[in-house]
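Keep the structure open while reading.

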Amino acid sequence: AGRESINTEIVTLTRHLNEEQTKHREATGDFTLLCHALQFSFKSIAYYIRRASLINLSGLAGSSNTTGDEQKKLDVIGNDVFLAAMRSSGRVRVLVSEEEEEVVVFDEYPHARYAVACDPIDGSSNLDAGVSVGTIFGIYRLPEGAKGTKEDLLLPATELVAAGFTMYGASTQLVLTMKDGPVNGFTMDNGLGEFILTHPNMQMPKKRGIYSCNEGNSKYWEEPVKEWCESLKSAEKPYSSRYIGSMVADAYRTLLYGGIFAYPADKKSPKGKLRILYECGPMAMVFENAGGQAVDSKMRRMMTVVPEHIHDRSGIFLGSYEEVQKVIDVHKKHGITG
Ligand code: P6P
């Protein structure tokens, strides 16, 4: 009597991963250990991002990465933290990072069975402005006898065993999904230092009048894209426009509220801007598993697109099932059918 009711059934990410492993009697625990290393890297990156302004970690690091973006100090720290966590897990053979020109091979673990693709801090150009940024990741299971070369990672997202992203915003939110599994959302409890399951089995609204794209590029858009965007603005009930310019933030809002995120390939960027391996592919898997759709600029199912090289790019339309269907239907009228 008089005992305050405490919730003894808090599901932490650690508990969730252990329960998942128990469901698969044949599991060796390697994947679980890899995910524990992943979660540690998210906690570390969150820690540094939150302190950035205090210890002057924002601002340029004076170097630039493969795609020529000005590298921010936090980009470098995020990449270092992520690589160290993956290496020390002993479960990763080969890794692609937006910050690394070549694949990173962990020769000290020749029998490790996983490959990881990652953008340690996506959207970092917004960091100094205090905009939410994030880590996007995809995990592949290597075939027996794999040597850990870049070919092991030039795969479509249909081959991913897990994918997700962590958004460092007002709170630290992790979205994680396994192949053909549900999408689960976790929120970091700083008191416990644990990710807590707060959004089990996320299901997207089938439609929503919100579109998210950089209309500053519309001069370069192909005709079907212009027609699609105009149709939203001239609809009976015109759509709302929401664009943060940080993919993880725009994706997370779209996942929760519904709507559509688009970064089309255009005349200025014929291959598109976003990278297949560590932006488009993992996001496509999350959105499909949450009941949404994802296609590239040729209207191909995004999850089937195979990157030609590890930093290959693609156009992408990502969102509620019916909202992406509208894009597909407009392109069909122009003879583009994926
Ligand atoms: P733009 C951030 O630099 C990023 O890679 C994604 O996070 C974001 O969606 C996109 O580029 C924003 O690009 O051309 O609209 O600034």
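**Helix packing: two pairs**

Helix α5 (residues 247-257) and helix α6 (residues 276-289) have axes that come within 12 Å and cross at roughly 15°. That angle makes α5 roughly parallel to α6 (under 35 degrees; over 145 is roughly antiparallel, 65 to 115 roughly perpendicular, the rest oblique). The model is predicted: local features need pLDDT of at least 70, side-chain atom pairs count only at pLDDT 80 or more, and totals for chains, interfaces and linings use all residues. Residues are numbered from 1 along each chain as its sequence is written, and side-chain values use heavy atoms, without hydrogens and water.

**α5 with α6**
- The crossing of α5 past α6 is right-handed (near helix turned clockwise from the far one by less than a right angle; anticlockwise is left-handed).
- On α5, M247, V248, A251, T254 and L255 make the contact; on α6, E279, M283, V286 and F287 do (heavy atoms within 4.5 Å).
- This contact of α5 with α6 has 7 nonpolar, 1 polar and 1 charged residues (Ala, Val, Leu, Ile, Met, Phe, Trp, Tyr, Cys and Pro are nonpolar; Asp, Glu, Lys and Arg charged; the others, Gly among them, polar).

**α4 with α7**
- Helix α4 (residues 223-233) packs against helix α7 (residues 321-333) at about 130°, with axes 9 Å apart.
- α4 and α7 are therefore oblique to each other.
- α4 passes α7 in a right-handed crossing.
- From α4, P224, V225, E227, W228 and L232 meet K326, V327, V330, H331 and K333 of α7.
- The contact of α4 with α7 divides into 6 nonpolar, 1 polar and 3 charged residues.

**Terms**
- Helices are DSSP runs (H or I, at least four residues), numbered from the N terminus.
- Axes are lines fitted to C-alpha atoms over the stretch in contact, and angles run from 0 to 180 degrees between N-to-C directions.
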